[in-house]
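I opened this notebook to record what I looked up about a ligand and the pockets of a protein.

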Amino acid sequence: MRKPMMAGNWKMNKTVPEALSLTRQIYELVGDCTGVEQVLCPPFVCLHAVKALTADMPFSLGAQNCHWQESGAYTGEISPTMLRGLSDYVLIGHSERRQYFGETDETVNKKMRAALAHELIPIVCVGESLEQNERGETRAVISEQVWAALDRLSAKQVQSLVIAYEPIWAIGTGRAATAEMAGEICGLVRAILREMHGDPVGDRIRILYGGSAKPSNIREIMGQPEIDGALIGGAAIVAGSYAEMVKITAEVYGV
Ligand code: PGA
């Protein structure tokens, strides 16, 4: 069985003291829910402090982005070398990065390869826009993004990945995809992985849904056989709602 994952993308929220306080609150509420992998993705500047605080807590850490170069004249950027040992995961290709910071399928692929070379596990995000969804292009868009993101990666590299399907129109809007629709697209992603690298690799990879996931819809989302977790934005920066989602997931999985 794939271990369910609840990944909290804190985005550009929380100062260092606030991040520490949120982490402590989450630990008090669901520190014993070890059947669910809880991934906290605070802003870069909080990573070190949260890492120190969580040394004996059952949390994984994720960065929200990284550059593809190891070092150099890239003002304002953070390299995978800097994140090595500090974070377990790194979000790559989040739609906000694609939309506001010019990330493309090509840079996403470069980042994937750089992250993997530095022992960071990418949580790579794919998702269609509202217009693409309304034009019935969802499957084609997702397929293109997955193939491009995973281009030239070996089966060994791919089997460690996490993929998040996040329809752009559902992010931060309160309007999540229906569980069936999300399950269908996560199933498409898995079919692509099987086609690329065979059934054992496809069966092993965790596929998350993201986009207005919250306590009221997480049970239905996690009830979908192809969905292994959620990438949560707004509901992850409130300890109570994140913890509730972790608990519901543990219940659904019986872990
Ligand atoms: P949301 O964000 O849960 O606030 O919709 C999800 C994400 O952007 O990862």
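**Entry: basis.** I worked from a predicted model, in which local features need pLDDT of at least 70 and side-chain atom pairs count only at pLDDT 80 or more, while totals for chains, interfaces and linings use all residues. Residues are numbered from 1 along each chain as its sequence is written, and side-chain values use heavy atoms, with hydrogens and water left out.

**Entry: ligand.** I asked which residues are closest to the ligand. Among the 13 residues that surround the ligand, the closest are K11, H94, E166, G172 and S212 (near means a heavy atom within 4 Å). I noted that this shell divides into 4 nonpolar, 7 polar and 2 charged residues. Here Ala, Val, Leu, Ile, Met, Phe, Trp, Tyr, Cys and Pro count as nonpolar, Asp, Glu, Lys and Arg as charged, and the others, Gly among them, as polar.

**Entry: polar contacts.** I looked for pairs of N or O atoms within 3.5 Å. A polar side-chain atom of H94 lies 2.7 Å from a ligand oxygen atom. For E166, an N or O atom of the side chain is 2.7 Å from an oxygen atom of the ligand. G233 has a polar backbone atom 2.8 Å from a ligand oxygen atom. The protein covers 95% of the 280 Å² of accessible area that the ligand has on its own (Shrake-Rupley method, 1.4 Å probe).

**Entry: pockets.** A pocket is an open set of points on a 1 Å grid over the protein atoms alone, where a 1.4 Å probe fits, with protein on both sides within 12 Å along at least five of seven lines; lining residues have an atom within 4 Å of a point. I found about 480 Å³ of space in the largest pocket. Its lining has 16 residues, and K11, M12, Q64, R97 and F101 are the closest to its centre. I recorded about 220 Å³ for the second largest pocket. Of its 18 lining residues, G172, S212, G233, G234 and A235 are closest to the centre. The ligand takes up the space of this second largest pocket (more than half of its atoms lie within 2 Å of the grid points).

Terms used
A polar contact is a pair of N or O atoms within 3.5 Å; within protein, one must be able to donate a hydrogen and the other to accept it, and residues adjacent in sequence count only if both atoms are side-chain atoms. Grid points are joined across faces, edges and corners, and a volume is the space filled by probe spheres set on the points.
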